[in-house]
Each structure stands twice: as C-alpha cells, then as structure tokens.
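Visitor: I would like to learn how to read the features of a model such as this one, taking each general idea before its particular case. Could we begin once the structure is in view?

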Amino acid sequence: MSAAVMALLSDLTREQNRTKAMAFIGVSFGVTFAGAMVLGPIFTHAFGLQNLFFGMALLALLAIVITLFAVPSPNTPILNRESNIVKSSINKVIKNRRLLKLNFGIMSLDALLMSSFVVVPQVMANAGLALTQHWQVYLVTMLISFAAVVPVIIYAELQRKIKQVFITAVALLLVAEIIWWKAEQHLWVIIAAVQLFFIAFNVMEAILPSLISKEAPVGYKGTAMGIYATSQFVGVAIGGGMGGWILGLAGIETVFLAGGLLALLWLTVSCTMQEPPHVSSLRIILPSSAIQNSITLERCIKEQPGVTEVMVVKTEKSIYVKVDTKQTTRRQLEQLVNNYSRISLI
C-alpha cells in the first residue's frame, strides 16, 4: 500500500514538489498514528470494541471512495526510480549490508511497538489507571515526543551526528523496556517509560527513512523504500504475534524482557553501522540533446564537488545523482545540464 501511494504521488506531482509531498505524507502517518492512540480508547469506551472495527471498515470504505472519485488519475504514468520499485534491482538492494541493518531496525522498531503495547495498557490498569484515562497518557506523551523530535532531528542533520542520535534512540528504547520490566505497579514510572519510548520511537520514525534515502544506491531509492516499507509491516506482524504469544506463555514481565533483548540486539547491530553519507538523492530531467551524449554528461557531473554517484537512464530521459547539496546544489546541477544541452545543439 505504501509503495502504491508513493508511486501515485510520483505520477501526480512535479519534480520540484515531490520531496515536499512525500514529507507531508510521512507527517500524516505520524499524526494519524498519534490520533489513533488517543481516539481509540475514547471511541471504544463510548461505542464498544466491536464498533471500533466497524468504524475502521467505514474509514477504509471512505478511503476507497476518495481514491476513486477525488484523487486524479495520471494521464501518463512516469517511471521514477526515486519512488518506484525497479524489479531487477530488488535482489541487489536486499543484499546491501548497510540497508539490511536499517531494514532490521525498522522491523525491530515496529515489533517493539506492537509487542509492548499488547501489555502496556494492562500494566497501567494494574497500576491503578482506569482504561478510560489511558488516552490522556498517550495524548500528553505524544505531544511531548513530537515537540522533542524536531530539535533532535535538526541537531542530527546540521551537526551531522545522525549515527550518534540513532544509537541514543535505540538505547532509550532499551531503557524503556527495562523500566517496564521492573516497574511493577509504580504508575508514574510506567508513564515515564511510555514517554521515553515515544520520544525514541518518533525520532527513529523520522531518521530511518532519511537514512534509507542516503544509503540507497543511486537510482534505487524507490526500491529501497519499498523493501523498507515491507520490513515495517513485517515488524508489526512479528511484534503483535510475539507479544500475544509470550503473554499467554510466560506473562507480562517476559514480554518486556523479550522486548529488551530485541532492543539490545538492535543496539549491538547499530553500533556496527558506519556514519551515513551526508548526501541527497536527486533526479533531473534530461533534454533530448543531452541524452545523445549522456556518457560525457555523466562524467562531467561526477567531477562536481560533493557528487558521489551518477546514473543516466535514457529510457526515462533522466539522470539520478547523489550529492552533498552543501557543496553542489540542485540548481547548479540543473544549470550544468542545461548548459551541456545547449553545447550539444551547436
């Protein structure tokens, strides 16, 4: 579903607006998740669990109607390797060790989320917080975590300390699991762990897609994001199943112990990661005159400061570039392509 949305977005947006559109969709995912955490308990208390699922079915039906009648159909689908999956590259991307660690990361993150929150509501209820009041905890902790994420991400990007922030966030998840494991019925300790968990969770949700973009081989960002999305949903399935199975088999504390072990494994893997390259993935449309001598153009762009990878795809009339935009901007690269195109016409 995620890959289909990104592909449709690619067909319906202009190149210069695509990154902003993708960012908006990413933010909407986070807002929707936060809203569900807050509104779910309220709705269930007011209308019952059965009607909660009925409401979800109605929302799915509404989404179908909006897609059919409100979302425009693209006149000409555009193959864009920044958002579409290239089938021939799937095996190559899956085997990429740096991407493999990130995919394991998002799978672990969602597994921790699902397994932990199979039992966290019960833990808070056992500590004396009525189920009807849980939404208040989720609302406050979500608002605080969203407020905390922005400066953390800005710091990580500007100071180029993404790896350090990444490892710190994984460590916070481990700490949260340990606190839950040992908290017993101390309500405020449990809530503090919820806060730590969501701060770390939201930081990781923001950082991981960015890291996938940075680490993906040039021209294969869409494929990498598709595999990343699949890993995300696999993590959800594993976490929900694992949490329920362990709860029935060994009890609440063991669920948190298992989560802590998973977080510890993830932390160990994270420490082996290399500092990600500080590059952006760009796609530039090529004029027909530039395509004729694309090899020379590719060589010319590779010589620009900050450019690490270049791929010309003649069938798409495009050139894909990975570049440190602090050294060479998109505008400069586009100007270079246009100048080269004019020279080719002479």
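Guide: Let us start with contact, which means heavy atoms within 4.5 Å. This is a predicted model, in which local features need pLDDT of at least 70 and side-chain atom pairs count only at pLDDT 80 or more, while totals for chains, interfaces and linings use all residues. Residues are numbered from 1 along each chain as its sequence is written, and side-chain values use heavy atoms, with hydrogens and water left out.

Visitor: Which residues is Trp266 in contact with, leaving aside its neighbours within four places in sequence?

Guide: With those neighbours set aside, Trp266 is in contact with Phe104, Gly105, Ser108, Leu109, Leu112, Phe166, Val170, Leu173 and Met204. Trp266 lies in helix H10, where helices (H or I, at least four residues) and strands (E, at least two) are DSSP runs numbered from the N terminus. Trp266 and Leu102 are 164 residues apart in sequence, yet 9.9 Å apart in space, C-alpha to C-alpha.

Visitor: Is Trp266 buried or exposed, and why?

Guide: Buried means under 20% relative accessible area, exposed over 50%, and partly exposed in between, with a 1.4 Å probe and protein chains only. Trp266 counts as buried because its relative accessibility is 0%. Across the protein, buried residues make up 43% of the 346 residues.

Visitor: How should I read a nonpolar core, and how many residues has the largest one?

Guide: In soluble globular proteins, nonpolar side chains tend to be buried together. A nonpolar core is a set of buried Ala, Val, Leu, Ile, Met, Phe, Trp, Tyr and Cys residues joined through side-chain atoms within 4.5 Å. The largest one here has 67 residues, and those with the most contacts inside it are Phe117, Phe166, Trp180, Phe197 and Phe198. The elements that give two or more residues to this core include helix H2 (15-47), helix H5 (97-126), helix H8 (187-215) and strand S2 (307-313), and the largest share, 15 residues, comes from H8. Because domain 1 (3-272) and domain 2 (279-344) both give residues to this core, it lies between them; those domain bounds come from an automatic or database domain assignment. Phe166 touches, among others, Leu102, Met204, Trp266 and Met273, not counting residues up to four places away in sequence. A second, separate core of 17 residues includes Leu286, Ile291, Val321 and Tyr340.

Visitor: What is the geometry of the aromatic pair that Phe197 and Phe198 form?

Guide: A pair of aromatic rings is described by the distance of the centres and the angle of the planes. Rings of Phe, Tyr and Trp (its six-membered ring) pair if their centres lie within 6.5 Å; planes under 30 degrees apart count as stacked, over 60 as edge-to-face and the rest as tilted. A search of the whole structure finds ten aromatic pairs, and the pair of Phe197 and Phe198 is edge-to-face, at 5.8 Å centre to centre with 85° between the planes.

Visitor: Which residues have a positive phi although they are not glycine?

Guide: Most residues other than glycine have a negative phi, and most peptide bonds are trans. Arg160, found in the loop between H6 and H7, has a positive phi of about 55°, and its 28% relative accessibility is why Arg160 counts as partly exposed. Glu184 likewise has a positive phi of about 55°; Glu184 is placed in the loop between H7 and H8 and counts as exposed because its relative accessibility is 61%.

Visitor: Where is Thr328 found, and which backbone oxygen lies 2.5 Å from a polar atom of its side chain?

Guide: A polar contact is a pair of N or O atoms within 3.5 Å; within protein, one must be able to donate a hydrogen and the other to accept it, and residues adjacent in sequence count only if both atoms are side-chain atoms. Thr328 is found in the loop between strand S3 (318-323) and helix H13 (330-345), and the backbone oxygen of Pro305 lies 2.5 Å from a polar atom of the Thr328 side chain. Thr328 is buried, because its relative accessible area is 4%. Not counting residues up to four places away in sequence, Thr328 touches Gln304, Pro305, Val323 and Leu333.
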